[in-house]
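User: Please examine the model shown below and answer some questions about it.

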Amino acid sequence: MATVRELLLAGVNRLRASGSESPRLDAELLLGHALGADRTVVIGHPEAPVGSSAADRFETDLRRREIGEPVAYIRGFKEFYGLAFATDRRALIPRPETERLVELAEDEVLRRLADGRPPGSPALRVLDVGTGAGTIAVALAVALRRRRVADQVALFATDESPEALELARENAVGHSVGDRVLFLEADLLPPVVTTPWDVVVANLPYVRSGAVDGLPIAASFEPRAALDGGPGGLEVIGRLLERLPHAVAPGGVALLEIGSDQGDAIGALAAARLPGWRCEVVPDLAGHPRVARLRPGRAGPGAFGAPGAPS
Ligand SMILES: C[S@@+](CC[C@H](N)C(=O)[O-])C[C@H]1O[C@@H](n2cnc3c(N)ncnc32)[C@H](O)[C@@H]1O
């Protein structure tokens, strides 16, 4: 019977040869998956013997990884914002950089709730556009439940992909927030917006079409529509900007994830499509541009009817 150490070493060598950028981590995660154990167990017990069914499973998973399939699809889940999200080819795998967007959205919601809303105020309305696996909406719903403010917030999430929405609903149910998020199939926003949202958050595709094929091979297993942001990268986001004046409530905010090289481009796009709005670019933990924060100005179209605004 092979030991953990032997299987791991063989796995690392094979994944390195196949071009994986993180062969040791991948092999540890996959061996842990085959054993039904955490990666730390694999690291902590190198001499443990591995039974034949776990060794067979590790072999099958290694072959999938050798041809480039992402570890998250092989294991069937990915950790995001302290939660395990089910992952498969129906939707993009949640990325760590998107946690920054969730943090900022959570802050915006909590600040508004703490600002002393009059008793009987309607629930704060929050929309996640292009929800994919339900990543942002579900992470927010769980965070707001932990803060005991879930009842004061109405969460909505859209995607144009019915397959992604199916996975998003599964993740919402898996985290016991299935009744907390309303998932809608839509091109960006529902066709008729009757009541605008206080917080709009979106991680829409922003990779330039010409760069999609140059991404690491793992990305070729993900839906192209989740990555491809059009020839310039910001086409989908640009279409959303045009609709924000009708979607964001007076005093509201939109938070949009962008690529680390798109800080200047999003500023220029916002200036052109959202006259009168303020656009700030918020960096991620590495100091790179990551989120565009957009607010209607007092005189901007989104501020129409706001208290104190000219009528
Ligand atoms: C980059 S993925 C992000 C998924 C998820 N928000 C996340 O952060 O993991 C972009 C998502 O936007 C969706 N999408 C792309 N274009 C869209 C559109 N016009 N309307 C609605 N959703 C769209 C894709 O189907 C995909 O699920």
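**Ligand shell and sheet**

The residues of the shell around the ligand comprise 12 nonpolar, eight polar and three charged; Ala, Val, Leu, Ile, Met, Phe, Trp, Tyr, Cys and Pro count as nonpolar, Asp, Glu, Lys and Arg as charged, and the others, Gly among them, as polar. This is a predicted model, in which local features need pLDDT of at least 70, side-chain atom pairs count only at pLDDT 80 or more, and totals for chains, interfaces and linings use all residues. Residues are numbered from 1 along each chain as its sequence is written.

User: How many residues surround the ligand?

Analyst: A residue is near a molecule if its C-beta atom, placed from the backbone, lies within 6 Å of it. The closest are Gly130, Gly132, Thr135, Asn203 and Ala226. The number of residues that surround the ligand is 23.

User: Which strands are the edge strands of the open sheet?

Analyst: Seven strands form the open sheet, with mixed pairing, in the order S5-S4-S3-S6-S7-S9-S8. Strands are DSSP runs (E, at least two residues), numbered from the N terminus, and two of them pair if DSSP finds at least two bridges between them. Pairing on one side only marks the edge strands, S5 (181-185) and S8 (278-283).

User: In which sense do strands S7 and S9 pair?

Analyst: Strands of a sheet pair through backbone hydrogen bonds, either parallel or antiparallel. Leu255 stands opposite Arg293 in S9. Over four bridges, S7 (residues 248-257) and S9 (residues 289-295) pair in a sense that is antiparallel.

User: What is the mean pLDDT of the protein chain?

Analyst: pLDDT is the predictor's confidence in each residue, from 0 to 100. In the protein chain, 95% of residues reach 70 or more, whereas over residues 299-311 the pLDDT is below 50. The mean for the chain is 94.

Methods: Two residues are in contact if their C-beta atoms, placed from the backbone, lie within 7 Å.
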